[in-house]
Amino acid sequence: LQCPDPERLRELADKHDFCLVVDDTIGNFLNIDMIESGLADAVCTSLTKLVSGRGDAIAGSVVLNPYTEKGRWMRDDMAKDTDAHGGLFEADARAMVYNSRDFVA
């Protein structure tokens with residue numbers, strides 16, 4: 001498994017004015033904090049794999065970085081889109097709560 005250099009990716013994103021969106025499903029927040037470090041504008045995670053892992057729920061997350069210009073722009077843009085169900089079906093939410101009870105706090 002090879003991982004690109006996140007500092008170099010941040011440099012390229014700043015130089016060429018693009019959003020740096022990182023999937024941390026494998027590396028996850030326990031290994032590197034892409035938000036606090038300012039390396040990523042957004043971090044996507046498969047909660048199905050990270051938390052559940054049982055195949056009884058489908059869930060994911062997007063964390064937008066409040067410390068970067070692009071992260072704030074994405075936050076403001078996403079705030080315009082509302083979802084009456086919160087983006088998660090009730091059965092999936094119940095399964096995620098149950099499956100996460102022993103997850104790292």
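1. The largest nonpolar core has 8 residues: Ala-13, Leu-20, Val-22, Met-34, Ile-35, Leu-39, Ala-40 and Val-43. A nonpolar core here is a set of buried Ala, Val, Leu, Ile, Met, Phe, Trp, Tyr and Cys residues joined through side-chain atoms within 4.5 Å. Buried means under 20% relative accessible area, exposed means over 50%, and partly exposed lies in between, with a 1.4 Å probe and protein chains only.

2. On the basis of the model: it is predicted, so local features need pLDDT of at least 70 and side-chain atom pairs count only at pLDDT 80 or more, while totals for chains, interfaces and linings use all residues. Residues are numbered from 1 along each chain as its sequence is written, and side-chain values use heavy atoms, with hydrogens and water left out.

3. Ile-35, one of the residues of the largest core, touches Ala-40, Val-43, Val-63, Leu-64, Asn-65, Pro-66 and Tyr-67, when residues up to four places away in sequence are not counted. Contact means heavy atoms within 4.5 Å.

4. The protein has 5 helices and 3 strands. Helices (H or I, at least four residues) and strands (E, at least two) are DSSP runs, numbered from the N terminus. Read from the N terminus on, the order of elements is α-β-α-β-α-β-α-α.

5. The strands form an open sheet of 3 strands in the order E1-E2-E3, with mixed pairing. E1 and E3 are the edge strands, each pairing on one side only. Neighbouring strands of the sheet are turned by 20° against each other on average, direction ignored; the axes behind this angle are lines fitted to C-alpha atoms, for helices over the stretch in contact, and angles run from 0 to 180 degrees between N-to-C directions. Two strands pair if DSSP finds at least two bridges between them. In general, strands of a sheet pair through backbone hydrogen bonds, either parallel or antiparallel.

6. How do the two pairings of the sheet run? Strand E1 (residues 21-23) pairs with E2 in the parallel sense over 3 bridges, and E2 pairs with strand E3 (residues 60-64) in the antiparallel sense over 5 bridges. Val-21 has Ala-42 as its bridge partner in E2, and Asp-23 has Cys-44. On the other pairing, the bridge partner of Cys-44 in E3 is Val-62. Strand E2 (residues 42-46) has 4 of its 5 residues buried, so it is largely enclosed by the rest of the structure.

7. Asp-23 sits in strand E1 and is exposed, with a relative accessible area of 56%.

8. Val-62 is found in strand E3 and is partly exposed, at 45% relative accessible area. Leaving aside neighbours within four places in sequence, Val-62 is in contact with Ala-42, Val-43 and Cys-44. The C-alpha atoms of Val-62 and Arg-94, 32 residues apart along the chain, are separated by 19 Å.

9. The structure holds 0 disulfides, a disulfide being a pair of cysteine sulfur atoms within 2.5 Å. Cys-44 is in no disulfide either, and its nearest cysteine sulfur, that of Cys-19, is 11 Å away. Cys-3 is exposed, with a relative accessible area of 69%, whereas Cys-44 counts as partly exposed at 26%.

10. Asp-17 has a positive phi of about 55° although it is not a glycine. Most residues other than glycine have a negative phi. The place of Asp-17 is in the loop between helix H1 (6-16) and E1, and the residue is exposed at 55% relative accessible area.

11. Some overall values. The C-alpha atoms fill a box of roughly 45 × 35 × 20 Å, taken along the principal axes. Buried residues make up 30% of the 105 residues in the protein. Among contacts between residues at least 6 apart in sequence, 49% join residues at least 24 apart. The accessible surface comes to about 7,600 Å², and 56% of this belongs to carbon and sulfur atoms; accessible areas come from the Shrake-Rupley method with a 1.4 Å probe, and for residues only the protein chains shown count as cover.
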